[in-house]
Amino acid sequence: MNNILTIAKREVRGYFSSPVAFVFIVIFLLLSGFFTFMVASLFERGEANLIPFFAWHPWLYLFLVPAVGMRMWSEERRLGTMELLLTMPITPWQAIVGKFLASWLVVAIALVLTFPVVITVNYLGHPDNGVIFAGYIGSLLMAGAYLAITAMTSAMTRNQVVSFIVSVMLALFLILAGFPPVTNMLVSWAPPWLVESVSAFSVMTHFESIQKGVLDSRDILYFLSVIGFSLFTTGVIIRAHRAG
Amino acid sequence: MKKKGLETSLYSVVGVAAVFVIIVAVNLIAARAKTRIDLTAERAYTLSQGTRNILAKLDTPVQIRFYASQNDNKVPVPLKTYTQRVEDLLGEYRQASKGLVEIQKLDPTPDSDAEDSAKLDGIEPQMISETDPIYLGLSITMLDQKESIPFLTPERERLLEFDLSRAISRVATAEKPVVGIMSPLQ
């Protein structure tokens, strides 16, 4: 446990000693503010809820989160510090979890810094704060899922751009799995249980269900499964590179 | 040496596939035993005390026939997700009633027994396109009393629990109480 925290601390310091964390946080806040107030017209809607705010998170995360995570393992491979890291008295699993938690923390900081929106909505009306809290949990879990996928792709290659693009593609597939164009393409030749399972893979279904204000164990399990599977695959890839 | 490298990577791919299958299986199994934490202020997604009282007073089984069209391409996505939520709520009713509420889910495809049953119960389909009727209704019966909700609209989602509980309490009360009025006029 201490090892995980040590690695996480080192990584967080690494993030903040370069422009990465600051640029990510500032751009995320700017874009989410722009989309919430200008595009989705939070004020004009006259409703005290944060639906226009959370609706953009899947799409903001789609591009910004892989940008945070893409250097997780690609950097180590590029600089050649991977071997150095793995010969330290820590297990690869501790390194994977530590790095993942550090990146997740950076995204969490960006999320927390959106608190002015919550204050705004509370000042102007009487929103359901339980629903808002659930919204933040859902958003954090979704960011974690995207990050884990990025960890996996960054372990595959030493090129950060490739890692970014592949990660965006995978996350996009997870989002679109529940959308009509994808399901229509499947419906023509796939049995109904397959179509239903593919749409159960979709991030949007589970994210929207948490947005309603109910923390359903199925949705939380879904996000934890994506994180768990991606981190496990990351470990497999790293071990394969070590052996080869 | 090279063979060992091949072996290791093969094992890893198989390992990854195995973990994938296990995780999917865990998700499917966990879908049966779901727990929910309702964070909304008005507790919109948990059964209210009134509903629990009504269910506690039941002594005879109540059958709920839930008609939902499953035709994946024709049913619009909002209705599909709403169908899932209605099913979840019905599941909560069954749990709270300790088995006295029996749920039967039927898909009224054209020319099926389920469709005839739907017509008999008074469930009205909505026509999404010219030829595709979508059913989303339920009928509640106890002994010989029957109540039905012809179509469940997503707009009435907040009142769904009220509609359901009212229907159940109507079929459960065999005798309607008599209200008398005394008036000074002849």
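Helix 5 of chain A passes helix 8 of chain A in a right-handed crossing, a crossing being right-handed if the near helix is turned clockwise from the far one by less than a right angle, and left-handed if anticlockwise. The model is a predicted one, in which local features need pLDDT of at least 70 and side-chain atom pairs count only at pLDDT 80 or more, whereas totals for chains, interfaces and linings use all residues. Residues are numbered from 1 along each chain as its sequence is written, while chains are lettered from A and ligands numbered from 1 in the order in which they are written.

In chain A, helix 5 (residues 57-69) and helix 8 (residues 92-112) pack at an angle of about 140 degrees with their axes 10 Å apart; axes are lines fitted to C-alpha atoms, for helices over the stretch in contact, and angles run from 0 to 180 degrees between N-to-C directions. Helix 5 and helix 8 of chain A are therefore oblique to each other, since angles under 35 degrees count as roughly parallel, over 145 as roughly antiparallel, 65 to 115 as roughly perpendicular and the rest as oblique. Where the two helices meet, V65(A), V68(A) and G69(A) of helix 5 face S103(A), V106(A) and V107(A) of helix 8, contact requiring C-beta atoms, placed from the backbone, to lie within 7 Å. Helices (H or I, at least four residues) and strands (E, at least two) are DSSP runs, numbered from the N terminus.

In chain B, four strands form an open sheet in the order 3-2-6-7 with mixed pairing, two strands being paired if DSSP finds at least two bridges between them. Strand 3 (101-106) and strand 7 (145-149) of chain B are the edge strands, each pairing on one side only, and the twist averages 15 degrees from one strand to the next. Strand 2 (residues 62-68) of chain B pairs with strand 3 of chain B in the parallel sense over six bridges, and F66(B) stands opposite K105(B) in strand 3 of chain B.

Two helices of chain B accompany this sheet. Helix 4 (residues 113-121) of chain B lies across strand 2, strand 3, strand 6 (136-142) and strand 7, running at about 115 degrees to strand 2. Helix 5 (residues 160-172) of chain B packs on the sheet and touches strand 2, strand 6 and strand 7, its direction making about 165 degrees with that of strand 7.
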